[in-house]
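My notes follow as numbered points, meant to be read with the model open beside them.

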Amino acid sequence: MSKLQSPLIILCFLILWEILFHTLNIKWYLLPPPTMILESIYSNFFSLMVSLSITLKVTLTALAASILISLLMAIIFYFSQFMEKAMMPVTVILQVTPIIAIAPLISIWVDNSEMATLICAFLVAFFPLLTNTIAGLKSTEKNHLDLMKLYRASKIQLLRYVVLPNALPYFLSGLKISTGLALIGAIVGEFVIGPISGHSGLAYRIIESGYQLEIPKMFASVFLISITGIVLYNLVRLISYLILRDWHSSYIQQD
Amino acid sequence: MTLRVLTDTDRQSKLEVDQEKLIAQLGSISKRFAGTSNNALENINLEVFQKDFLSIVGPSGCGKTSILKIMCGLIKPSSGSINWPTSNFQNSPENPANLSFVFQEPNLLPWMNVYENIKMPLKILKEDNYSADEKIYEIIDLVGLKGFEGYYPKQLSGGMSMRVSIARALVTQPKVLLMDEPFSALDENRRFELSQEILKIKKEKNLTVVYVTHSIYESVYLSDRIYVMQSHPGRIFEELDFSGIDKNEDYRFTPEFYEQAKVVSDSLKRAQIV
């Protein structure tokens, strides 16, 4: 039952929406009913899927880049206080400046529109991963470090056996935040930068539909973006569960 | 022969007689921690002989743990020296395999199961898998962990976790085992059970054990020698010798046991008054 709760609530909400649309005589070009949105997804299926794949590609590439670069930087910062003190302010500035304010600049500086959008998504997704991973690395227990010291473990062994596994839960909760942010960054980037190498992503579909007053198609794009976000988030949750269920206290076993 | 308090002359003559068996000698060790104005340890002179079961007893905060950590190199003394006569060690005395440390808490890595936790030191020391497995399963048998290899630390009770911790310390086949109040978090029965097993393992493996505790009974039951400490600053007050006492399972219920416990208790009291 508990697994069905949230889908049921969403279903009830959609049915209510449909009923209210017909009973309150709402104009379809203001708020189309779910059936009309579904129909729009169906009739524009191919072009919407192409758009989805473009947005998804940017999102996932940005996420992969954030994971790699944040891990690398976190490890460097863990071993070098100097580097952390020198670099951290730069990353904070990048984080607190709204991406929508930097995106036009990126668009001017970077010719390739795919790369420009990617940079936008990366800049948004990167920071939570970095700060969480650093917090995770630094939270390693003193006793665990002493244990490594007793056996004269090398830096690589220290990372492999103790420090990185210790940071894993922190990294994964950062990843949950960053996955959503990468999608947001990709959408915002596309809004400002435009079609990616001549193809429209989901964000540009929204702009197009606005111009052409195809409101159901606009809703269809928004729906697809939300669904993508939900799927990505749950995927990360699943990965997180599979990795941590054996040993982490956040997954308490019930016998 | 029963318990006796060793005088300086006694210690000197024991050193001469047992010169061959000397494993470690701490000479006038002092330690002052950064940011503090008083010595945590002052003028610690202490000898460890082969196959000793040596206890360091004292009130909380007297620096017992610091002595152990200085011995295994986790903290550096402010002055003084540790001498490891090399003849008793196969490789260099600094070889981490020769010394093992059992922490106050089990200190297991939660992301590794029992088998992986025990294997971890061997992996760091780059032992090949085949000989590692042989050692691991021997130790798992010895400490009674058979069948628990795949368990994760959060699935284990306190006593079981401590067994894994002891197994991890033993798997490198050390000469000397340093134990820092290892059973203080366990209940009375578990504590006794594990104490007995430590004695058994010590005998079987020809181990030398340095054992830190605040429990008088534990120290009397386990040790051949006891260093009684006083605090502020941490100093060795007195050395007691128990060697030659037969310690069978019922020893802890005999009048002698209580007599000896009283001697240690009195010594601790005098140490606090001085």
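Predicted model: local features only at pLDDT ≥ 70, side-chain atom pairs only at ≥ 80, totals over all residues.

1. B:Lys126, in the loop between H3 and helix H4 (129-142) of chain B, has a phi near 60 degrees, which is positive although the residue is not glycine. B:Glu181 has a positive phi too, near 40 degrees, and is likewise a residue other than glycine; its place is the loop between strand S7 (176-180) and helix H6 (188-205) of chain B. As background, most residues other than glycine have a negative phi, and most peptide bonds are trans.

2. Are these two residues buried or exposed? B:Lys126 is exposed, because 8 other C-beta atoms lie within 10 Å and the cut-off for exposed is 12 or fewer. B:Glu181 has 20 other C-beta atoms within 10 Å, so it counts as buried, the cut-off being 20 or more.

3. On chain B as a whole, I count on the assignment of eight helices and ten strands. Does the radius of gyration agree with a compact globule, or disagree? It agrees: a compact globule of 274 residues would come near 19 Å, and chain B has 19 Å. Along the principal axes, the C-alpha atoms fill a box of roughly 50 × 40 × 40 Å. Buried residues account for 42% of the 274 residues. Of the contacts between residues at least 6 apart in sequence, 74% join residues at least 24 apart.

4. Leaving aside residues up to four places away in sequence, B:Val102 touches B:Ser165, B:Ile166, B:Ala169, B:Leu177, B:Leu178, B:Met179, B:Asp180 and B:Pro182. By contrast, B:Ser267 is 165 residues away along the chain, and its C-alpha atom is separated from that of B:Val102 by 27 Å.

5. Turning to chain A, helix H10 (residues 215-244) passes a simple length check: at 1.5 Å a residue its 30 residues should span 44 Å, and the end C-alpha atoms are 43 Å apart, which agrees. Its buried residues include A:Pro216, A:Met218, A:Phe219, A:Ile225 and A:Ser240. The buried residues of H10(A) pack against helix H2 (34-43), helix H3 (45-79), helix H8 (155-193) and helix H9 (202-211) of chain A.

6. How do H3(A) and H9(A) pack? Their axes are 7 Å apart, at an angle of about 135 degrees, which makes H3(A) oblique to H9(A). A:Leu48, A:Ser51, A:Leu52 and A:Thr55 of H3(A) meet A:Leu202, A:Ala203 and A:Arg205 of H9(A). By class, this contact has four nonpolar, two polar and one charged residues.

7. Last, the interface between the chains. Chain B and chain A contribute 16 residues each to the contact. On the chain B side, helix H3 (residues 114-124) gives the most, with three residues. That side has 13 nonpolar, one polar and two charged residues.

Definitions and conventions:
Residues numbered from 1 in each chain as written. Chains lettered and ligands numbered in written order. Contact = placed C-beta atoms within 7 Å. Helix = DSSP H or I, 4+ residues; strand = E, 2+ residues; numbered from the N terminus. Nonpolar A, V, L, I, M, F, W, Y, C, P; charged D, E, K, R; others polar. Expected span 1.5 Å × (residues − 1). Rg over C-alpha atoms; globule rule 2.2 N^0.38 Å. Axes fitted to C-alpha atoms, helices over the stretch in contact; angles between N-to-C directions. Parallel < 35°, antiparallel > 145°, perpendicular 65-115°, else oblique.
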